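Reader: I am new to reading protein structures. Could we go through one together, feature by feature?

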Amino acid sequence: MKHCRVRLLGTAVAGLAAAALVTIPSSTRAQDGTSPDRVAPVAGWDEFVESLRTLPEKMLAKLPEDMRKDPLVRAEIGRIALEALASSSIEALGADPQAPEFLPAIGRVLNVGQPNADTVYKSASVDPAQVYRISGKAGTIPIAVIAQVLPGSNSRPHLDLSSLHVGEDGRFSVLLGAERPEGYAGDFWKLEPDTRRLMMRLVSSDWSDEVQPVVTIERVSGPMGRPRPSAQELTARLQALPRAVGYLAPMFIGRVEALAAEGYVNRFKVMVPPEGALASQFYYDGVFDLKDDEALIVESDVPETCQYRSLILTNGLYETIDWTNNHSSLNGAQAAPDSDGKLRIVVSEKDPGVRNWLDTAGYSRGIIQGRWTGCSSQPIPTLTKLRLDEVRKHLPADVATVTPEERDAIMRERNRAYQARSLW
């Protein structure tokens, strides 16, 4: 055991040293005796390190010059690169169709790809030639779905966990495979021939009182066991990592500026979702651009029936603004309409004292994104820009308000409730 700990420590130190090498100028490395013609001791490692060295430049190239020169923006680019690396590394290390499990994909910490504040995202690797069982306990959240990721397609087969048979013990079980087994009468989901990955979304509204489902996956077309992987397999995983990180990190970097260039500053447009969006979900978004003494009032009709609705904020690089330490997202359980039936939400940096508030958290520019999911209508809200001290004049006299102490209590409960969910 002692020798095992030593080896693990040595591996960790070696990994940190190799990562640190990225920041060392080539001239310094040459002085240290590192030959440019050497053979890498780990196949694919040098290419991986080199891809990280050039990644920030590729990301910054998507931004206008004034943003590229901003030291804070450059530091934030580094953060996004790390987020993409961490998310992709989890999959590279853990994704295995022979021994699958639902691994964390994106979220508040792995904040790349603009995660929804109410959604826990997890993914599992599968092989369409195998048969799997997904089982667990049903919860009470509004949306719990698993999608088959089909390359190059936004039309993905979805499995709604609420559609499965649930036994008296609250448990469900569904088989996945190319064909339903002969004589099998239970729930079955056809695994498409191009599917290599499943994406699970668990979407909550009432973070404190709803119960998340418990979901597991296992391969049933063979015995349990995971033999030592070959050098070829491990090398292939490492060699695939630069491409994965290089795709994910810069994917949405220029999204805010592109939308602003279309003229959607402080106004909304219908958003055509990117590949992999949730089925039955209608999006709208627009750029907010505010000074610290300005605010936006979002006003909307509310559909008669709605499975789920939300508004979230992103920063200027399309990261979702921290929604557990800031009041930067609101859903149907968190934001009630006013007494006249209209939904009104104030967007500003400073707290206006109204309950329905979205906190920009010090970001003067970003995106407001709305979702209507499974709703009877999809109204596009209006946006009204005004001075912060004029906000209350434009809201109903009986608008719900909060004191600073009440706001702090709301935020503390949000944070506790979010951490209590199964995030990892």
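Author: We can start with a sheet: 4 strands form an open sheet in the order β7-β6-β3-β9, with mixed pairing. Its edge strands are β7 (187–190) and β9 (214–219), each of which pairs on one side only. On average, neighbouring strands of this sheet are turned by 25 degrees against each other, direction ignored. Keep in mind that this is a predicted model.

Reader: In which sense do β6 and β7 pair, parallel or antiparallel?

Author: Strand β6 (residues 171–177) and β7 pair in the parallel sense, over 4 bridges.

Reader: How do side chains sit along a strand?

Author: In a regular strand the side chains alternate between the two faces of the sheet. Now turn to another strand, β13 (306–314).

Reader: Which strands do bridges join to β13?

Author: One is strand β17 (residues 365–375), which runs antiparallel to β13 and is joined to it by 8 bridges. Here Tyr-308 stands opposite Thr-373 in β17. Another is β14, also antiparallel to β13, with 3 bridges. In that pairing, Ile-312 has Ser-329 of β14 as its bridge partner.

Reader: Why is β13 described as largely enclosed?

Author: Count its buried residues. A residue is called buried when its relative accessible area is under 20%. In β13, 7 of the 9 residues are buried, so the strand is largely enclosed by the rest of the structure.

Reader: What follows β13 on the way to β14?

Author: A loop, and Asn-326 lies in it, between β13 and β14 (329–331). Asn-326 counts as buried because its relative accessibility is 18%. Its side chain reaches the backbone oxygen of Asp-322 at 3.1 Å. Leaving aside residues up to four places away in sequence, Asn-326 touches Ile-321, Asp-359, Ala-361, Met-411 and Arg-414.

Reader: Where do Met-411 and Arg-414 belong?

Author: Both are in helix α8, and both are among its buried residues, as are Arg-407, Asn-415, Ala-417 and Tyr-418. The cover over the buried residues of α8 includes β14 and β16 (357–359).

Reader: Is Ser-348 buried or exposed?

Author: Ser-348 counts as buried, because its relative accessibility is 0%. This residue lies in strand β15 (residues 343–348). Apart from residues up to four places away in sequence, Ser-348 touches Leu-290, Glu-294, Ala-295, Trp-357, Leu-358, Asp-359, Thr-360 and Leu-388.

Reader: How far apart are Ser-348 and Thr-360?

Author: There are two answers. In sequence they are 12 residues apart; in space they are 5.8 Å apart, C-alpha to C-alpha.

Reader: How many helices and strands are there in the chain?

Author: The chain has 8 helices and 18 strands. It has 424 residues, of which 46% count as buried. Among contacts with a separation of 6 or more, 76% come from residues 24 or more positions apart.

Definitions and conventions
Residues are numbered from 1 along each chain as its sequence is written. This is a predicted model: local features need pLDDT of at least 70, side-chain atom pairs count only at pLDDT 80 or more; totals for chains, interfaces and linings use all residues. Side-chain values use heavy atoms; hydrogens and water are left out. Helices (H or I, at least four residues) and strands (E, at least two) are DSSP runs, numbered from the N terminus. Buried means under 20% relative accessible area, exposed over 50%, partly exposed in between (1.4 Å probe, protein chains only). A polar contact is a pair of N or O atoms within 3.5 Å; within protein, one must be able to donate a hydrogen and the other to accept it, and residues adjacent in sequence count only if both atoms are side-chain atoms. Contact means heavy atoms within 4.5 Å. Two strands pair if DSSP finds at least two bridges between them. Axes are lines fitted to C-alpha atoms, for helices over the stretch in contact, and angles run from 0 to 180 degrees between N-to-C directions.
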